[in-house]
2 protein chains.
Amino acid sequence: MDDTKLATGLVRLAHLVSRVYAEVSREFELTPQQIQLLCVLLDGPTGMTEMSRALGLEKSSMTGLVDRAERRGIVVRVRDQRDRRACDVALTEQGRTIAHAAHRKVTAQVEALVGAIDPGDRERLESVVTGIVRGRDVLT
Amino acid sequence: MDDTKLATGLVRLAHLVSRVYAEVSREFELTPQQIQLLCVLLDGPTGMTEMSRALGLEKSSMTGLVDRAERRGIVVRVRDQRDRRACDVALTEQGRTIAHAAHRKVTAQVEALVGAIDPGDRERLESVVTGIVRGRDVLT
DNA sequence: GACGGTAGTTGGCACTGCGAACTAATGTGC
DNA sequence: GCACATTAGTTCGCAGTGCCAACTACCGTC
């Protein structure tokens, strides 16, 4: 019966983290989605379809997201030579800078959220969280 | 150095939970925000201002959110008698049903995500997570 | 009874994300 | 070598999100 308690706690924690994400994004005058896009691209230039998988979005949603990001000068579309239908999206210099800074800030604030906990607890929590996340997601 | 590992894991977890939330919401043909609204209201009728605090939104954003939810018949605005500026938002019967069902589904899916862990660890984690979350949030 | 604060709304804006329909290039089978 | 299905990405229309600034209406107080 109370095996929902941990789940509930994790959901709340997730909401909390989302707020941190949103706040940090605002500081950079970007949306959380745009920051997320940047973070995905830290792994290197990526095609639209692959990114849509990584972000869990429809391809059609990607188009707009990348359009707006490009307009802001944080990413660029690079036409693929081998396959002229395709294009890779890559970070601009500015985009890369923001991506790193945002990543640092989010990490720091989440770390602060967790605060001081017993080192043993931290390790346990870490391994559980890592286990849950493994092979499922792509992000920051 | 590796004190960023937990933070990173938590960010990924947050994204994962958001997806669960989004999927479940879609099953009910509602948005995550609308489901969130319902869950907050499970604690009882609530004024606009208080809800905006609970959800971390501007009051003006609440107006639209509640408008659309009301149009869908899942909540109602109840004019406050004592203070004629104010109103409480309350669940309709249908809203309550959905709120419970959605809560169950989200919890179950997150629980499934967590998977099997040692009962002792679970209890420990529960209290750690609860400790982090305490007094900061309101949600499911 | 004037006046400052509070509850909620309005309007304009940029952005999100979906589905369906589309264009253009690629690869496959015959 | 060409018809055909497939794949990459775009376009369009739509409902919804969330901010800010400005506003209305009501409350409490002096």
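Two strands pair if DSSP finds at least two bridges between them. Helices (H or I, at least four residues) and strands (E, at least two) are DSSP runs, numbered from the N terminus.

This is a predicted model, in which local features need pLDDT of at least 70 and side-chain atom pairs count only at pLDDT 80 or more, while totals for chains, interfaces and linings use all residues. Residues are numbered from 1 along each chain as its sequence is written, and chains are lettered from A, with ligands numbered from 1, in the order in which they are written.

**View 1. The open sheet of chain B.** Here three strands of chain B line up in the order β1-β3-β2, with antiparallel pairing. β1 (46–47) and β2 (75–79) are the edge strands with a single partner each, so one side of each has no neighbour in the sheet.

**View 2. A strand pair in detail.** β2(B) and β3 (residues 87–91) of chain B run antiparallel and are joined by five bridges. Look for B:Val78, which faces B:Asp88 of β3(B).

**View 3. The surface near DNA strand C.** A residue is near the strand if its C-beta atom, placed from the backbone, lies within 6 Å of it. Of the 22 residues around DNA strand C, those that come nearest are A:Gln33, A:Ser60, B:Thr49, B:Ser60 and B:Ala86. Two or more residues each come from α2 (32–41) and α4 (59–71) of chain A, and from α3 (48–55) and α4 (59–71) of chain B. α4(A) gives the largest share, five residues.
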